Amino acid sequence: MPPSSTAAPARTSNISTTTSSSTASSSSSSSLSRISNIASHLAPASSTMASTTNFPADVVPQAPEDPLFGLMRAFRADESPDKMDLGIGAYRDDNGKPWVLPVVKKADEILRNNPDLNHEYAPIAGIQAFTSKSAELMFGADSPALKEGRATSIQTISGTGAVHLGALFLAKFYKGNRTVYVSNPTWANHHQIFNNVGLPTAQYPYFDKKTKGLDFEGMTQALREAPDRSVVLLHPCAHNPTGVDPTLDQWKELAAIIRQKNHFPFFDSAYQGFASGNLVRDAAAVRYFVEQGFELLLAQSFAKNFGLYGERAGCFHAITSPGPGAAETIARIASQLAILQRSEISNPPLYGARIASTVLNDPKLFAEWEENLATMSGRIISMRKALRSKLEELGTPGTWNHITDQIGMFSFTGLTEEQVLRLRNEAHVYMTKNGRISMAGLNTKNIDYFAKAVHKVVTTS
Ligand code: KET
């Protein structure tokens with residue numbers, strides 16, 4: 001630190017002491033003028049100080065704006081009546097409006113009419129009625145891991161907070177190969193979250209540009225070649241951004257490789273119920289791994305399947321392998337997670353978890369939630385069919401079967417970055433540069449416009 005900056009604060013604090021003591025005793029005009037003299041004398045020094053920083057540009061360079069949230073901002077600022085938001089993965093109804101799930105409205109009503117509710121802190125691990133049902137939702141109520149007491153669950157700040165907590169736990173305690181293997185491509189935030197806690201990321205091939213499907217060969221080869229005991233991040237269903245998932249048979253092969261290599265699986269589940277519309281089917285890969293006795297981590301988001309995006313409801317689960325010491329292992333893991341949680345967020349937010357918990361704990365509301373999920377996934381599937389047939393009718397060059405083959409919230413269209421930018425500039429269509437579209441941004445009113453805009457950029461580029 002330069003000497004001038006250490007000297008200056010000391011002088012400044014002397015002044016303020018003098019000022020306050022002279023104000024306290026009824027101050028004379030001579031002492032006031034003496035203070036103002038000293039203050040003006042010091043002014044240049046303090047203004048020099050204001051321009052010095054511990055964070056100059058070579059230390060804290062200007063970071064680029066988050067691409068996805070930047071896109072949302074640009075969309076909001078666009079005044080065209082034709083504008084279309086196909087960026088963020090958030091469900092929209094057929095009028096292009098955010099949808100508050102009817103079952104969420106009901107749960108909200110129940111909560112607001114409960115005279116016993118208050119705003120006290122949640123326990124460090126969150127609302128137990130919520131976390132235990134979240135575990136059942138993911139792993140199945142009769143999961144061997146739950147029955148044998150080999151699982152621990154802790155409420156988090158939605159899915160991002162869960163991935164972060166898992167990353168932090170691994171950074172502190174994982175003694176295998178600390179490189180986290182993520183799919184190429186993956187949710188962009190994965191890289192940041194792991195890198196921020198000092199865990200490097202590497203990529204395994206995932207998307208085959210030619211078939212616009214899974215590059216299973218490339219994926220399995222990379223996992224075989226990765227150093228033993230690497231961390232492998234997996235999307236259990238509705239892969240973001242590609243909409244391409246392994247089949248159950250492929251999952252079984254992946255599990256065999258992961259077992260053989262002693263890799264450590266970390267699942268990021270943000271779309272349960274969104275892929276097939278069926279909560280159990282969308283959990284099949286995870287449940288298979290648990291049945292096989294893997295030790296694993298899982299981040300669970302309720303942002304999309306409950307439409308609780310901004311309420312940040314989520315859960316982190318750790319499961320350990322069966323064996324005589326399993327219950328003791330999981331208790332130790334839980335105790336450390338509690339310490340990490342306490343120092344990071346102290347305890348998680350209540351509202352979203354209360355809503356989800358109300359639904360998860362009431363069979364009638366749960367059944368209604370499943371209907372709401374079917375409404376969302378059904379509308380998305382119908383948009384896939386409509387988009388594919390419109391592009392085929394228009395004779396847009398290329399094949400478009402991948403639009404209906406891919407599942408979940410997104411479609412990885414295969415549009416190039418140049419085409420994406422032209423769509424934004426010429427047609428006010430907002431999507432990420434990698435050609436991903438959020439299918440829920442399409443509806444019966446704007447799909448023609450979108451298909452024609454795509455046709456135009458594909459035929460004239
Ligand atoms: N994991 C995946 C795979 C994912 O796509 C998201 C969100 C999250 C975790 C985090 O969700 P949270 O809201 O923290 O529960 N994806 C969408 C939104 C975002 O990027 O924040 C998206 O890709 O559009």
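This is a predicted model: local features need pLDDT of at least 70, side-chain atom pairs count only at pLDDT 80 or more; totals for chains, interfaces and linings use all residues.
## The shell around the ligand

Residues are numbered from 1 along each chain as its sequence is written. Local features need pLDDT of at least 70 and side-chain atom pairs count only at pLDDT 80 or more, whereas totals for chains, interfaces and linings use all residues, and side-chain values use heavy atoms, with hydrogens and water left out.

## Polar atoms facing the ligand

An oxygen atom of the ligand lies 2.6 Å from a polar side-chain atom of asparagine 240, while a nitrogen atom of the ligand is 2.6 Å from an N or O atom in the side chain of aspartate 268. For arginine 312, a polar side-chain atom lies 2.9 Å from an oxygen atom of the ligand. Taken alone, the ligand exposes 520 Å² (Shrake-Rupley method, 1.4 Å probe), and the protein buries 92% of that.

## Histidine 239

Histidine 239 is buried, with a relative accessible area of 1%, where buried means under 20% (1.4 Å probe, protein chains only). The side chain of histidine 239 makes a polar contact with the side chain of serine 183 at 2.9 Å; within protein, such a contact is a pair of N or O atoms within 3.5 Å, one able to donate a hydrogen and the other to accept it, and residues adjacent in sequence count only if both atoms are side-chain atoms.

Technical notes
Buried means under 20% relative accessible area, exposed over 50%, partly exposed in between (1.4 Å probe, protein chains only).
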